[in-house]
Every structure is written in C-alpha cells, then in structure tokens.
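Here's a quick tour of some side-chain packing and backbone details. Have the viewer open and follow along.

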Amino acid sequence: MPRQIRLPSVFRNTPFRLTLLFLALFAAAASAFLAYIYGVTAGEVSRRADGEISREIQSLLGTYRQAGMDGLNLALIERTGDGRAFVYLLSDKTGKRMTGTLAVSPVDLDQGPKAGDQVSASFKLTQTDPDGTVIKSAARGQQIRLANGATLFVGLDIGAGESFVLKIVRAIWGAGALVILLGLAGGLVVSGNVSRAMARLNQVVTEVQGGNLRVRIPLRGVRDEFDELAAGMNDMLDRLERSIGGLRHVGDAIAHDLRSPLTRLRTRLELALIDVENGKGDAEAALVQALEDADGVLSTFNTVLAIARLQSAGEAPDQSLFDAGDLTAKIAELYAPLCEDRDIDFQFEATPYLRVKGNQEFIAQALANLLDNAVKYTPSGGAIMLRLRRRASGEVEFSVTDTGPGVPPQDRERVVQRFVRLENSRSLPGAGLGLSLVAAVAQAHEGRLDLDEGPGEINGQGPGLRVAFVLPRAV
Amino acid sequence: MKILIVEDDLEAAAAMVRGLGEAGLICVHAADGVLGLDAARDGGFDVLVVDRMMPNMDGLSMVEALRQAGDQTPVLFLSALGEIDDRVAGLKAGGDDYLVKPYAFVELSARIEALGRRRDSGGMQTLIKVGDLEMDLISRMVRRQTQEIDLQPREFQLLEYLMRHAGQSVTRTMLLEKVWEYHFDPQTNVIDVHISRLRAKIDKGFDRPMLQTVRGAGYRLDA
C-alpha cells in the first residue's frame, strides 16, 4: 500500500501517540493551573502593597491637613530617614520636585488634575546598593493631588513578594518539564513493548496472508490482552487450517471416492451394452445395478456436502430448545425392531427432563448414524445400548454402546475422518462418512464425539465400542 | 390426473413428461415462473410440480402469488437446495411437499400421486376403510373383518398413512418423512422392519395380503 506521508515510525505508533496526547493535555492543564496560581498570588501581593500605600497616604494627608505643605515636607524628610520601605516624591503644582526619595515620579504629573484625585501604578523601582550594584524591582505606587495642586507620590517595593511567586512558578515549570520528560520516556518504553507485541501479531498475519497457515503466535504467558488476542488468533488459525485442510481433503476424497463407483458404474453399463448387442446377458439387471451404483454415488456426495456445509457454517442452523429424552426415545423406537430382527438385545435408557439447544434434525440423524453403525458391526446375539444422561460436568451425553469388534485405540481418532474405513469393515456397505457427519454435527453444536472402550469380551463377542456424542451443558 | 410441470431445465422436464405420461398422468409443461403462473391460473390441474430456481420468476414467488389468489392446488417443490431451512422456506411459501434433486423417478411419481389424491380424502374423517380393513381415528381401533388388531402408536400412524394413500405406492423416504418426520435416509433397513411388523399384524391369518412391496419403489396398501 503506498502512503503519501511517512512519519518516523515512533509517531505512527498508537501507544506513543496516546502518550503524546496525554502529555499535551497534562501540559495544558498545568499551564492553566500555573496561570491561576500566578494570578491569585501576584494579585494578592499587589493588593497588600496597595493597602499599605493607602494607609501611608492617609497618614501623610493627615499631616498635610494639620501642618500644611511645610509639615508634610518635614514629615517626608523624617520618614525617608527612618528606614521605611516606602519611597516618596512630593512635587509642587508646577511639577518641580520638592522632596522625597524618588527623582522622577513614575506617574505622569498631569494625571488626576483635581484635588483629591488618586492614580495607582505599577512601576520598576531602581535602587543602588551601597556596594554599587543596581537592582531593579517591581513596585506599586499611588499619586494623590493635594488641595494646593501639588502631588504626593508614595510607592512600595514589592519585589520580594513578586520574586517569591516567580520562584514558585519556576519550580512548578521545572517539575512540569521533568514530568513531561519522564512521561515521554515512559511512553517510549510502553509503546516499545506494545509495538513488539503488535509486531509479533503482524508478522503472523503477514505470513498467513502469504499462505502459510501453520504459523502460530508464541504466547508470552503473562495472560494480558495481547496473549488473549494471540490465543484467539491461534485458535482461529487452527480452525481455518482445519477447515481448509478439510476442504482440500473433501476435494481429494470426493475425487477419490466418487471416481471408483463412477468408474464401476460406467464399466457395468458398457459391459451391459456389449452383452445386449450380442444378444445375451440381462440388460435389466445391469440397469438396476447401475441405478443402485448411481444412488450410492449421490448419497456419498450428499453426505460429503452436508459435512462440508456444517463445517463451513461453524454453527448448526435452526437451533431450538427441545427435550433430549423425547428425541432419543423416538430414535430408539425407530431402531428397536431392527435390532430385534437381527437378534441383537437393544436397551434404551434416558434421564428425563434434559433440555438441549440444537438442530433436532441433525442430532436425530447423528444418533441414527451411530445406531446404523452399531447395528452393522454387532453380530447377532450381541447387544446395543442407547443411553442419554447428564454428565457430572453438566454436559449432555448421548451414547451408543455395542458389542461388536470395536475400534483399536490407535484408530479411534482416524475413523472419525472422512472416508476412513478399517480393514474389517471394507466388505460392509457404507462410504466411511457416518462418523464424520456425527463429528461435524457435534462440532456444529460446540460438542464433541468421544470413542471409548466397549463393555469388553462378552460371549465370544467384543470388545465392543462406546461412542459418546457430547453436547455442552443443558439449558 | 392432470399435472403442471414448471421447470426451466427442458431435458429434465421432457423426462418428467414422458415418465409421468407413461404412468397415465396428463402433463403440461411451462418453462419459467411467469408462464407457469399463467398456466396455473387457467386452472384445472390436480398437482403443480414447481422448480424453485427459474428465470423470470422463481418457484417460491410463483406459488406465493397463486396462494394469495386463493388457489389451493397442491404444490410439489423440486429443488437443488436441500438444506432444512430451504425446505422450510418452500413449505412456508405454500408448498405441500419438497423433493431434492436429483431424485429417483419413483419418488417423484409416488409423491405426485400422494398429493393428487389427498384432496379426495380431505375433510374431517373419523373412519377410514380400505377393503375389509377399518380404522377408527377417534377410538384408535383397527379391525380387519371381525378381528381387532392391536397396534403400537407408531404402527397406527404408519397404517393410517398407508390407508390414506391406499392403492398408491409410497416410498420409504416418504414414510420416514411423513410418519417419523425425519428427512435423512438411514443406512439400514429400519423402515422395512417396521413394515414387516405391521404386515404381520394386519395380514397374518388372512388369505389375501393387503400390504404389498413394490419393487424398486416402496410399499402399497391394496384393498
């Protein structure tokens, strides 16, 4: 896939982007917080200074009212000497400096022309230390116009308070920068971890796209969501591999298993034709046989198709809740006379009131297939038992036990596969699809098919076979 | 009996017309759903045999249209779609029976015959009589001549179906479908065994057997 913009790989990494996003949000929140703190504290410092300045001005105005301009002048001279923090400037109505610690007023002297007018200002106070260094610091001041038109300016150095606030702000900025750095580093580490986990997944996906269905994602064993996803993908790949393998097998199997009866059918028709042309042979018998062969081919084909459909659907269609006992009893009733006819002892046992969710038709067919098999392989004088019960695990088990020759343990997994027929069964009718269909039905109900030991040797028969069709917990 | 065959596969249709004609049925063929609907509306048919997948109008729509117009002629669907839900869809659309392709010809003719005769024996019958065999559907008693016959519930259903279709061939598949309601074919001769039990009960001790085996097809109950 061509892409127009390629960011450095770390920026295309989702966890890292998330980290950046969170850091940006954090920085914005921290800035807002700082601005608020600054506004509140810096404002408080100014307000306090303004209050002190107002009180000082009131006291000086008192002196002015009692002692006039000269008294005020005297008071100012006195105050500049006693080490107060205030700075003063008294100018006459022409703006000429009369007395005070300031050379020039930070406020325009023309402002507030009427007597009693008051002007506030922030300004920079320049002071020279005894050792000669010049210090500029923030200050607040107020200027008031006196009754005679002169102006009095009183200022207060707030540099100390201000610099304290600035220190706090700097500390918070520093801490913020540290947090952002740590956050970035953490984000890189986390996104690196996630990237590696994703890379493992992606690598497997790429390989699967390339057609290799055998790859699996190694689990880290930490049981996190990546392991969960990996396990899910592995499970999905297992199923995919099985069903694709199954399809391939069906294709091969249909080709193999339909080819021989079709060839047989063709040969028989050809021979019959030759015989009829030569005026001998039983044309009708040949046709009857050919029809039977054709039916056999069709039924094989239908069963293979049914299995393939069940497997590809994943879940059996038309599922409903039903009483497993009723279904089993009906099948038992269908097969009991057949067993009796063949001198096979048929027993049926069912736990009542077992409800199951599933496709009744398919489950009935599965049981019929199991009973067909049992009847086919059990010699007369033997016994077959159909049993329905709830396992201790809650699963519902339909089982068919017979006293036939059984299936050796090493072959039990194999006989469930399509078209697999054991040596001793080749002479009997059937295409080797019965158990495969039962297994497909079980799987389509999230159940399974278990092949077990039969009852063992009984009256020269046996060891028999027990086939259990197990469905998940009854509802 | 007059049959309308609605089928777009001309070869299959020709084979049906020939085979059913030889069995004594009068067949009319329509090559798609629209033609089929027209022919069916003209009426006079005892059974409609309708393919599900056809050009112009598919079988389901055709039968739905007929049923909406109040036409109750029995319909047998033919289909290559054999899944359970396909069958259910066919019956919901107003079909009376459903046969999956490819089918045996005896199966087709037996089902057509069963559908064609069904109308005659409709209504609320409480007593079915075939020759000297009598079945009381209310008391669930079966009697041949004067002898009472004791039947299991399933045997009773089996005999009821055979009596309702007396004189017609019914296949093993039909019995399994209509009496047991199973739509699969067992690999063993389960139906034959049930029939032979029933036969032992109704024919044993009488000089004339009623329950006949029809070679290559199934069974028939004769009066």
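## A buried ring pair

Start with Phe86(A): its relative accessibility comes out at 13%, under the 20% cut-off, so Phe86(A) counts as buried. Keep in mind that this is a predicted model. Tyr88(A) sits at 0% relative accessibility, so that residue is buried as well.

Across all chains there are five aromatic pairs. Phe86(A) and Tyr88(A) make up one of them, with 6.3 Å from centre to centre and 45 degrees between the planes, which puts the pair in the tilted class.

## Phe398(A) and its partner

Now jump to Phe398(A) and Phe469(A). Their ring centres are 5.8 Å apart, and because the planes meet at 65 degrees, over the 60 degree limit, this pair is edge-to-face. Phe398(A) belongs to strand S10 (residues 396-402) of chain A, while Phe469(A) belongs to strand S12 (residues 465-471) of chain A, so the pair ties together parts that are 71 residues apart in sequence. Both Phe398(A) and Phe469(A) are buried.

What else does Phe398(A) touch, leaving aside residues up to four places away in sequence? Besides Phe469(A), the contacts include Ala324(A), Leu327(A), Thr328(A), Ile363(A) and Leu367(A). Arg387(A), Leu388(A), Val467(A), Ala468(A) and Leu471(A) are also among them.

In soluble globular proteins, nonpolar side chains tend to be buried together. Here, the largest nonpolar core has 86 residues, and the members that touch the most others are Ile331(A), Phe398(A), Phe469(A), Leu159(B), Leu175(B) and Leu221(B). Helix H6 (residues 360-377) of chain A is the top contributor to this core, giving 10 residues.

## Lysines over rings

Two lysines are worth a click. Lys330(A) has its charged end over the ring of Tyr182(B), 4.7 Å from the ring centre. The charged end of Lys2(B) sits over the ring of Phe45(B), and there the distance to the centre is 4.9 Å.

## Asp224(A) in its loop

Asp224(A) is found in the loop between helix H2 (159-209) and helix H3 (225-277) of chain A. Which side chain does the side chain of Asp224(A) contact through polar atoms? That would be Arg220(A), at 2.6 Å. A polar atom of the Asp224(A) side chain also lies 2.9 Å from the backbone nitrogen of Asp227(A).

## Backbone details in the loops

For a cis peptide bond, look at the link between Lys101(B) and Pro102(B), where omega is about -10 degrees. Pro102(B) is in the loop between strand S5 (97-100) and helix H5 (105-118) of chain B.

Then there are positive phi values in residues other than glycine. Glu446(A) has phi near 60 degrees, and its place is the loop between helix H7 (434-444) and strand S11 (448-453) of chain A. Is Glu446(A) buried or exposed? Its relative accessibility is 65%, over the 50% cut-off, so Glu446(A) counts as exposed. Over in chain B, Gln145(B) has phi near 50 degrees and is located in the loop between strand S8 (141-144) and strand S9 (147-149). With a relative accessible area of 47%, Gln145(B) is partly exposed.

Terms used. Residues are numbered from 1 along each chain as its sequence is written. Chains are lettered from A and ligands numbered from 1 in the order in which they are written. This is a predicted model: local features need pLDDT of at least 70, side-chain atom pairs count only at pLDDT 80 or more; totals for chains, interfaces and linings use all residues. Side-chain values use heavy atoms; hydrogens and water are left out. Rings of Phe, Tyr and Trp (its six-membered ring) pair if their centres lie within 6.5 Å; planes under 30 degrees apart count as stacked, over 60 as edge-to-face and the rest as tilted. Buried means under 20% relative accessible area, exposed over 50%, partly exposed in between (1.4 Å probe, protein chains only). Helices (H or I, at least four residues) and strands (E, at least two) are DSSP runs, numbered from the N terminus. A charge sits over a ring if NZ of Lys or CZ of Arg is within 6 Å of the ring centre and within 35 degrees of the ring normal. A nonpolar core is a set of buried Ala, Val, Leu, Ile, Met, Phe, Trp, Tyr and Cys residues joined through side-chain atoms within 4.5 Å. Contact means heavy atoms within 4.5 Å. A polar contact is a pair of N or O atoms within 3.5 Å; within protein, one must be able to donate a hydrogen and the other to accept it, and residues adjacent in sequence count only if both atoms are side-chain atoms.
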